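Here are some notes for a colleague who is opening this structure without having seen it before. Please read them with the sequence and the model side by side.

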Amino acid sequence: MLRNLAFLLLLAITVGCSGPYSTDKVAAKETAATEVSVIPVAKLSMPEVVTANGELFAEESTNVTNKVPGRIAKMYVDLGSVVKAGDVLAELETDDYRFRVQQTEALVDQIRARLGLLNKKTDDVVPEQVAVVKEADAALREANFILDTTKRLAKDGVVSRIELEKATVRAQGIEARYQAAMADVMQLRSQLSERRAQLALARQQLEDTTIRAPFSGAITRRQSNMGEFLPVNAQVVTLVRQNPLRVRLGVPERQAAQVKQGQPIEIRLEGVAERFTGHVVRLSPAIDAQNRSLVIEGEIPNPTGKLRPGSFVEGTIVVDGSAMGFAVPKTAVVGFAGIDRAFIVKDGVLDDRVVKTGRQLPDGRVEIVEGLKEGDQVVAKAGDRMAKGQKARVR
C-alpha cells in the first residue's frame, strides 16, 4: 500500500516537471525575443506646406449675346461643346441686312457719280476737277474777260457806263455761282463720307449676324433655340474658359504670412488619384473676419479639360521647398485612445514613444513632427501585442 502511494507521488512530480506548464517552458516563454524589422530615422527633404480647401473657378465666364436683332437661322453648339476663339456659335437670318448693304452701296455710288468718281478707286476729290465746278469756272473766266474788255472800251469811250455796269454785275453773279458749285462739291464730299460710314455700319451689322466665340472654352449652358427671334443683347450661350482654371483657397490666419505670390500649388480632387499643379497668383489684402482665413487664388493649367469649374479641391501650397523632416511608414505608428505611438529598439528592448504626426505622404509614409529623433531604430511594422520593455531581435 505504502509502496503504491510513493510510486504515484513520484509519477505526479515527474509529470509536473515535464508537462506543458512546466517552469522551464514558462521561463523560456518569458525570455523569448520578438523578431522585428527596423528603419533608422534620418532627415529627409520634407518641403513645408500649407494645406487648405477651396474651389475651382473659370478664368473667364461670359454670357455670349447678339449685337443685332434677328431670328436664329442656325445653331452650331450645345452643352459641353468645346470651341476656339472666333468659332461660329450661331447665325441669324441675313436677308434684311444684305438688302440694307445693297441700298447703302447704291447711295454711295450716286454721290460718287455726281463727283465724277465712278471710274476711280479712291474717294479723293479735287473740287476743281468736278464737272459743275469746271463749268462754273469757265463761265467765270468768260465773265471776267468780258468785264476787263468792257472796262478798257469804257475808258476809251466806246461803250456806255451802263454796259460796264452790266458786265460787272454779270461777272459778280457768275462768281457767286462758282462759289455755290464749290460749296455743293464740298457738301457732296461730306455726304459721301456719311454714306461710307453708313455702308460700313450696314456691313458690320451683316457681319454681326454671325455670333462668334470671344475666347476659347466650353459651353456650359444654351439659352436660345433655332427659329427664336432675339432682341438686341439677348443671351445665346454661356461660355467659360477651361485653361487655365482659377483655384480659390482659404488659408488659416496663423499660416497666412507664409504664403507668397509665385509659390507652387498642388490640388487634389475627391476620388481622383492624379494631382494637378500650378502657382499662387493673387492674395487678398485682408483677412476674412468670419472664418479667420486669407483668400488666395492660383492658376492651374488645364489643357486636357479634366478639371471642371465648381469642383471642390484640397490644395497644398509649398511655402519652404528646402525644409527637412522625419517620415516613417504608416505601419510604424499605432493609435489608441487618440494617442499615436511608435516603437523603437534600444539595447535589444522595445521602447515606445508618443509621436505627433503630420501630413500623409503619397509614398505611404507619414510625417513625424514630434517624438522621434535622428538615429532612432523604429519598428517598421508595429503590432498590437508589442509592449514597452519587451525583448526584440532585429531581423
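1. Helices (H or I, at least four residues) and strands (E, at least two) are DSSP runs, numbered from the N terminus, and two strands pair if DSSP finds at least two bridges between them. With that in hand, β15 and β16 form a hairpin with four residues between them. Arg 292, in the turn, has a positive phi of about 50 degrees. Strand β16 covers residues 293-300 and runs antiparallel to β15, joined to β15 by six bridges. Leu 294 in β16 is the bridge partner of Ile 287.

2. The model is a predicted one: local features need pLDDT of at least 70, side-chain atom pairs count only at pLDDT 80 or more, and totals for chains, interfaces and linings use all residues. Residues are numbered from 1 along each chain as its sequence is written, and side-chain values use heavy atoms, with hydrogens and water left out.

3. β15 also has a partner in β14. Strand β14 (residues 264-269) pairs with strand β15 (residues 276-288) in the antiparallel sense, over four bridges. Ile 267 stands opposite Phe 276 in β15. These two strands form a hairpin with six residues between them, and Gly 271 in the turn has a positive phi of about 80 degrees.

4. A pocket is, on a 1 Å grid over the protein atoms alone, an open set of points where a 1.4 Å probe fits, with protein on both sides within 12 Å along at least five of seven lines; lining residues have an atom within 4 Å of a point. Grid points are joined across faces, edges and corners, and a volume is the space filled by probe spheres set on the points. The largest pocket holds about 470 Å³. Its lining has 20 residues, and Glu 266, Arg 275, Thr 316, Arg 359 and Pro 362 lie nearest its centre.

5. Which strand gives the most to the lining of the largest pocket? It is β14, with five residues. At least two residues each come from β4 (48-58), β14, β17 (312-320) and β21 (349-360). By class, the lining has nine nonpolar, five polar and six charged residues; Ala, Val, Leu, Ile, Met, Phe, Trp, Tyr, Cys and Pro count as nonpolar, Asp, Glu, Lys and Arg as charged, and the others, Gly among them, as polar.

6. The second largest pocket has a volume of about 350 Å³. It is lined by 17 residues, with Glu 48, Val 49, Arg 359, Glu 367 and Val 369 closest to its centre. β4 gives the most to this lining, with four residues. The lining of the second largest pocket divides into eight nonpolar, five polar and four charged residues.

7. Elsewhere, four strands form an open antiparallel sheet in the order β9-β8-β6-β11. Its edge strands, β9 (210-212) and β11 (229-230), each pair on one side only. Strand β8 (residues 88-92) is joined to β9 by three bridges, and Glu 91 stands opposite Thr 210 in β9.

8. Another open antiparallel sheet of four strands has the order β5-β12-β10-β7. β5 (61-65) and β7 (82-83) each have a single partner strand, so one side of each is left without a neighbour in the sheet. Within the sheet, strand β10 (residues 217-222) and strand β12 (residues 235-240) are joined by four bridges, and Arg 222 stands opposite Val 237 in β12.
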